[in-house]
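User: I am new to this structure and would like to get to know it through a few questions. Could you walk me through the answers step by step?

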Amino acid sequence: MPLSLIDSAHHIVLVAHEHPDADSLGSACAFYSYLLRSKTKVTLFCVTPSLNQNLSFLPWFDKITAKFPESADLAISFDCGSFARLGLEYHGALINFDHHISNDNYGTHNCINPNALSTSQVLYEWFVTETIKINGKMANALYAGLIDDTACFSDPQCTPSTFMMAYSLVQLGADHAQCVNALFNSHSLASFRLKGEMSRRMKLLQDGRVALFEVDQPLLESTGARLLDCKEVVDAALSLKTVEVALLVVELKHGGVKVSLRSSGVINAADILKKFEGGGHRTRAGARMADVTLQETVKELLNSIKSAFELTTEENMALV
Ligand SMILES: [Mn+2]
């Protein structure tokens, strides 16, 4: 991706995806820090107006706006697999930084590494290649993305280079304690109550290989928890001995559902959700569907998971 594109722009907009996580926002904030060195006008944009306040420790968090500037002549998106999740009506030059294998290369320039564990890793490697100095603020924002997407290095795909990156970022000024506290040790009472109720209602299916979580609106409303709060239980369900796939289906307030799928790696979560216009990685994927009910979505997804299991068994048999 040519640096000249960035150098020649007059107004750059850095875009995090809707309902952003620490990887998307952290990457955008790190890039914002970098661009402050140039004379170019920069805007930090996210279509979601009320952001997760746990992320307020990220540098320039207070600069994020939900209003897209008309004068923008270059947009740069971070950690977003599809154009739709950016919530943009803009159709000009667009640089797409990402690590989702399902990314459909919607940018006019695409900088995608599906082997990277976070978009902040893609960005870190780009900064290093371009010999761009990473300051303390940038290091902290990139580190936040890395630990969020690797669940604090518990992802089995972490390699020596993951830890080398972590080592460099902490040396450059990333605050490990601050990132861990904000991302993993700050829970609301509402989220605690929700998690308890979700665990109680969890269904184990297909010989205990699948953990199913169904969250309807009454459950969300009675606990006062947010959509985001549902995900941790689903991640944790994979630690149950027999569970290979954890499925979460949440009923949305204005119709439709949100799906999160976690896999130990036996089946490909991103492949399963592709049929439902979702995306992600082999072990983590998500989708949002309109005009469907919770019950019919659960039924369809369980069938797809069952078929995927059968296919893996057949493939294994063929190898014997
Ligand atoms: Mn990511």
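Predicted model: local features only at pLDDT ≥ 70, side-chain atom pairs only at ≥ 80, totals over all residues.

User: Let us start with the rings. How many aromatic pairs are there?

Analyst: Two rings count as a pair if their centres lie within 6.5 Å. Under this rule, the count of aromatic pairs is 16.

User: Is the pair of Y32 and W60 stacked, edge-to-face or tilted?

Analyst: Stacked needs planes under 30 degrees apart and edge-to-face needs over 60, with the rest counted as tilted. The ring centres of Y32 and W60 are 5.5 Å apart and their planes stand at 55 degrees, so the pair is tilted.

User: How many residues apart in sequence are the parts that this pair ties together?

Analyst: Y32 belongs to helix α2 (residues 22-35), while W60 sits in the loop between β2 (41-46) and β3 (74-78). The pair therefore ties together parts whose separation in sequence is 28 residues.

User: What about F78 and F97: what kind of aromatic pair do they form?

Analyst: Their centres are 5.8 Å apart, with 0 degrees between the planes. F78 lies in strand β3 and F97 in strand β4 (residues 94-98), so this pair ties together parts that are 19 residues apart in sequence. F78 and F97 are both buried. The kind of pair they form is stacked.

User: Which residues form one aromatic cluster with F78 and F97?

Analyst: F78 and F97 belong to one aromatic cluster.

User: Which residue lies over the face of F309?

Analyst: Here the partner of the ring is a charge, which must be within 6 Å of the ring centre. At 3.8 Å from the centre of the F309 ring, the residue over its face is R209.

User: How many disulfides does a search of the whole structure find?

Analyst: A disulfide would need two cysteine sulfur atoms within 2.5 Å. For C80, the closest cysteine sulfur is that of C46 at 9.8 Å, too far for a bond. The sulfur of C158 has its closest cysteine sulfur in C152 at 9.4 Å, which is also too far for a bond. For the whole structure, the number of disulfides found is zero.

User: Is C230 buried or exposed?

Analyst: C230 lies in the loop between α8 (217-223) and α9 (231-237). Leaving aside neighbours within four places in sequence, its contacts include L194, V215 and L248. With 0% relative accessibility, C230 counts as buried.

User: What is the distance between the C-alpha atoms of H100 and A285?

Analyst: H100 is in the loop between β4 and β5 (109-112), and at 14% relative accessibility H100 counts as buried. Residues that H100 touches, beyond four places away in sequence, include D79, G280 and H281. H100 and A285 are 185 residues apart along the chain, and their C-alpha atoms are separated by 9.3 Å.

User: Last one: is D207 buried or exposed?

Analyst: D207 is found in the loop between β6 and β7. Its phi is positive, near 55 degrees, in a residue other than glycine. Exposed means over 50% relative accessible area, and D207 has 78%, so D207 is exposed.

Definitions and conventions: Residues numbered from 1 in each chain as written. Heavy atoms only, no water. Phe/Tyr/Trp six-rings, centres within 6.5 Å; stacked < 30°, edge-to-face > 60°. Helix = DSSP H or I, 4+ residues; strand = E, 2+ residues; numbered from the N terminus. Buried < 20%, exposed > 50% of the residue type's maximum accessible area, 1.4 Å probe, protein only. Lys NZ or Arg CZ within 6 Å of the ring centre and 35° of its normal. Contact = heavy atoms within 4.5 Å.
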